Amino acid sequence: MSVDNGYLKVMSWNLWLAGRFVNEARPKQLAFLREQAPDVVGLQETLGEAARELAEDLGWHHHQGGSCGIISPHPITQRYGDESLRGVGARIQLPTGRELVVWSAHLNYEPYGPYDFHLSGMTVPQVLAREEEAGRPRQIADVIDAMRPALAERGLPVLLTGDFNVPSHLDWPNLPWQVSIAVERAGLRDSYRAVHPDAAAKPGHTWSPLNHWHEQQEGVLEPQDRIDFVHYAGPLRPVASDTLGVGEPRPMPHHADNEWTSDHWAVLSTFVMEA
C-alpha cells in the first residue's frame, strides 16, 4: 500500500528522550522506520534534535521544534508552531500532487490522571480538576487553535498525532477526559477507535511496554492506557490502525538491550485518501 495507490501511512512515536536509555538506539530506530515505511511520522521526546538527525540519516525531510518533530520522505513545504506551543505542524507535498497538514503534540505528563483515579482513589470531578491543573486542556486548545486554518481548508487532509499523556473518553465511558473531547469537537476523529470501536476488545494500550509495575509504589501494578494517538480530518478513511514496536521488550530495569527503543508503543494508521 503506497501513496501512489491512494493510501497514506501515518505514525505517532514517542522516542523516550530520543532513545537515550537503550543501547545502540539510533540504528534500531532507523531500521524500524525503514521497515514500516510511513509517509509521515509525528515524533515526541526528541530532545530538540532527533527529528532532524533521523531525517538526515534517512534522507527525509523534517520539522524540528522543542520536544516534537515531524519527519517524512515527502517534501515539507510549510512549517508551523514554535516554542510557545506543545506541538509543531507541517504541510507536506505528496508525490501525487496532493497536500496534507500534520501536527505532532506532546502534552504535560504530570499529574497523571490514571494515577489519580486508580491509585489515589480520586473522584471523577477531582480527576478532571487535576487535568486543568496539569494544563493539558489549555495546551490542546492552543494546538487546535493553531490548526484551525488547515481544518478550515476544504478538501485538505489534516492529522494530529501525539503523546497526550492522558487517556481518551472513548476508552473510559464514565470519565470525560477533556483533551480527547476537545479534539473530537474540533472535527478530528480517533483513527484507532474508528477501526477498533470496541475498547474492551481492543484496548490498544500504548503505555507502557516497559512499565509493568508502578515505579514509586512497590508491588502496585502500573495502569495501562492508550495515550498516543493519530487523529484525522478531511478526505481520509482509516482502513488499519495498530500499536506496534519491535520484539518483546524486557521491562524496566532490564531494558538497556531491547530492540525496541521506547517506553511507549508507537501507533501506525493507514488511510485511504478519498477524492
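A residue is called buried when its relative accessible area is under 20%, exposed when the area is over 50%, and partly exposed in between, as found with a 1.4 Å probe on protein chains only. Helices (H or I, at least four residues) and strands (E, at least two) are DSSP runs, numbered from the N terminus. The views show a predicted model, in which local features need pLDDT of at least 70 and side-chain atom pairs count only at pLDDT 80 or more, while totals for chains, interfaces and linings use all residues. Residues are numbered from 1 along each chain as its sequence is written, and side-chain values use heavy atoms, with hydrogens and water left out.

View 1. Strand S10, which covers residues 228–233, is mostly covered, since six of its six residues are buried. In a regular strand the side chains alternate between the two faces of the sheet. In S10, Asp228, Val230 and Tyr232 point one way, whereas Phe229, His231 and Ala233 point the other way. Two strands are said to pair if DSSP finds at least two bridges between them. Strand S8 (residues 158–163) pairs with S10 in the antiparallel sense over six bridges; leucine 159 stands opposite tyrosine 232 of S10, and leucine 160 has histidine 231 as its bridge partner. Strand S9 (residues 189–190) also runs antiparallel to S10 and is joined to it by two bridges, with aspartate 190 having histidine 231 as its bridge partner.

**View 2. The open sheet that contains S10.** Six strands form this open sheet in the order S5-S6-S7-S8-S10-S9, and the pairing is mixed. Its edge strands are S5 (76–80) and S9, each of which pairs on one side only. Helix H5 (residues 136–151) lies across S6 (87–93), S7 (99–106), S8 and S10, and runs at about 160° to S8; such angles run from 0 to 180 degrees between N-to-C directions, with axes that are lines fitted to C-alpha atoms, for helices over the stretch in contact.

View 3. S5 and S6 pair in the antiparallel sense over four bridges, and tyrosine 80 has glycine 89 of S6 as its bridge partner. The hairpin of S5 and S6 has six residues between the strands, and glycine 81 takes a positive phi near 95° there. Serine 84 lies in the loop between S5 and S6 and is exposed, with a relative accessible area of 63%. S6 is joined to S7 by seven bridges, and these two strands run antiparallel, with glutamine 93 opposite glutamate 99 of S7. In the hairpin of S6 and S7, which has five residues between the strands, glycine 97 takes a positive phi near 100°.

**View 4. Serine 168 in its loop.** Serine 168 lies in the loop between S8 and helix H6 (178–185). Is this serine 168 buried or exposed? At 1% relative accessibility, serine 168 counts as buried. Leaving aside neighbours within four places in sequence, serine 168 is in contact (heavy atoms within 4.5 Å) with Trp177, Ser180, Asp190, Arg226 and Phe229.

View 5. S11 and strand S12 (residues 266–273) pair in the antiparallel sense over eight bridges, and alanine 240 has threonine 270 of S12 as its bridge partner.
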